[in-house]
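Thanks for passing this one along. Here are my notes, as numbered points to read beside the model.

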Amino acid sequence: MNIKIGGGKIEQKNDIESIEDIKWNEMWNHALKEMPSKNDKKRWDKIASKFNEWMKTDDYPQNFADKVHKKPDYTVLDLGCGNGSITLKVAKQVKHVTAVDMSNEMLKLVEENAENEGISNIKYIQSTVEDLDPELVGQHDVVIASRSLGGIYNLKDELKKIDGLAKNYVYMTIWGANGRRFERELCNTMGTEYHQHPDYIYVCNMLYQMGIYANIEMLDCESRPVYSDLEDAMDRCTWKLGWNGKEIKPEDKTKLEKFLKENAVQREDGTIDYPTNNPDWVMIWWKKEDCDYR
Ligand SMILES: C[S@@+](CC[C@H](N)C(=O)[O-])C[C@H]1O[C@@H](n2cnc3c(N)ncnc32)[C@H](O)[C@@H]1O
């Protein structure tokens with residue numbers, strides 16, 4: 001049997017009898033390969049300072065941090081910590097946090113932000129999740145990976161590693177299936193093909209195949225990306241769609257500008273946002289003692 005994902009085919013067994021027979025990891029890899037934007041260090045380094053600004057008005061980090069089980073004697077491992085907007089909130093309520101990110105520009109921001117808030121219980125490690133040595137980093141009570149696993153190939157192996165790094169709880173967020181309307185509209189406008197990012201359903205199924213029956217929750221975040229002006233919106237949208245760093249033809253730039261101008265909603269403070277640009281993050285979390293590992 002062939003199942004078509006993102007323009008290609010994955011060979012599946014003809015006689016699929018159970019969930020275990022479905023190649024979720026291979027389908028994830030395949031869908032990821034189709035994405036126009038690549039998940040590399042350079043891309044995140046480049047956007048770090050802007051990301052730091054965006055997070056100041058975003059309710060997502062608080063929403064995520066509120067869900068995490070925290071105790072004063074807990075240690076937490078934050079994989080793909082970004083500028084630390086979740087790291088710092090969690091660090092205030094636990095004994096110690098190990099913050100890992102592949103982008104050193106992001107890590108510099110976590111350090112800076114921690115210093116500004118007088119937080120000193122964070123250890124910083126520059127590494128990809130894939131290269132992280134479990135022996136070196138050791139087990140933590142809680143492992144979090146917020147919005148940071150979406151670009152990883154062979155995710156099933158990394159999920160196993162992540163689970164092994166946790167003593168008590170794991171929390172991660174992955175794209176929902178519903179939230180890319182704005183990007184679809186952008187692609188339509190530009191006449192480029194829209195590629196759906198592989199979403200949470202692949203991850204839940206990979207975990208299930210490993211005997212981890214995770215809890216799933218659509219995070220209820222309100223704040224849409226807010227742009228200081230049209231130029232800011234142009235910047236962020238080109239980055240989002242993976243056109244960043246590429247030469248944009250003048251006619252494409254005009255099309256994009258026209259779309260962004262026509263659809264912008266002006267806010268009282270002069271900033272702009274877009275009604276269809278809604279966040280859609282799914283939190284997947286589990287308690288280690290509930291797992292039935294295979
Ligand atoms: C969207 S930001 C999320 C930051 C933070 N966790 C949050 O939710 O606010 C993604 C971050 O994950 C990091 N990242 C992405 N893939 C990674 C990987 N494979 N290994 C380590 N870090 C990664 C990026 O450098 C970036 O800082």
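1. Let me start with the surroundings of the ligand. The shell around the ligand divides into 8 nonpolar, 9 polar and 3 charged residues (Ala, Val, Leu, Ile, Met, Phe, Trp, Tyr, Cys and Pro count as nonpolar, Asp, Glu, Lys and Arg as charged, and the others, Gly among them, as polar). In total 20 residues surround the ligand, and Trp44, Gly80, Gly82, Ser146 and Ser148 are the closest; a residue is near the molecule if its C-beta atom, placed from the backbone, lies within 6 Å of it.

2. A word on the source: this is a predicted model, in which local features need pLDDT of at least 70, side-chain atom pairs count only at pLDDT 80 or more, and totals for chains, interfaces and linings use all residues. Residues are numbered from 1 along each chain as its sequence is written.

3. Next, the sheet. It is open, has 7 strands in the order S5-S4-S3-S6-S7-S11-S8, and its pairing is mixed. Strands (E, at least two residues) and helices (H or I, at least four) are DSSP runs, numbered from the N terminus, and two strands pair if DSSP finds at least two bridges between them. Strand S5 (122-126) and strand S8 (215-218) stand at the edges with a single partner strand each, so one side of each has no neighbour in the sheet. On average, neighbouring strands are turned by 15° against each other, direction ignored.

4. Within that sheet, S3 (residues 75-79) and S4 (residues 96-101) run parallel and are joined by 5 bridges. Valine 76 has valine 97 of S4 opposite it.

5. Helix H5 (residues 104-116) lies across S4 and S5, at about 170° to S5. H9 packs on the sheet too, touching S7 (166-175), S8 and S11 (281-287), and its direction makes about 15° with that of S11. Axes are lines fitted to C-alpha atoms, for helices over the stretch in contact, and angles run from 0 to 180 degrees between N-to-C directions. Two residues are in contact if their C-beta atoms, placed from the backbone, lie within 7 Å.

6. How do H2 and H5 pack? Helix H2 (residues 41-54) makes an angle of about 30° with H5, their axes 7 Å apart, and the two are therefore roughly parallel (angles under 35 degrees count as roughly parallel, over 145 as roughly antiparallel, 65 to 115 as roughly perpendicular and the rest as oblique). Trp44, Asp45, Ala48 and Asn52 of H2 meet Asn104, Glu105, Met106 and Leu109 of H5. Trp44 is also among the residues closest to the ligand.

7. H1 (residues 24-33) and H9 (residues 200-209) have axes that come within 9 Å and cross at roughly 155°, so these helices are roughly antiparallel. Trp24, Asn25, Met27 and Trp28 of H1 make the contact with Tyr202, Asn205, Met206 and Gln209 of H9. By class, this contact has 5 nonpolar, 3 polar and no charged residues.

8. Finally, H7 (residues 155-165) packs against H9 at about 60°, with the axes 10 Å apart; the pair is therefore oblique. Leu155, Lys156 and Leu159 of H7 make the contact with Val203, Met206 and Leu207 of H9. These residues divide into 5 nonpolar, no polar and 1 charged.
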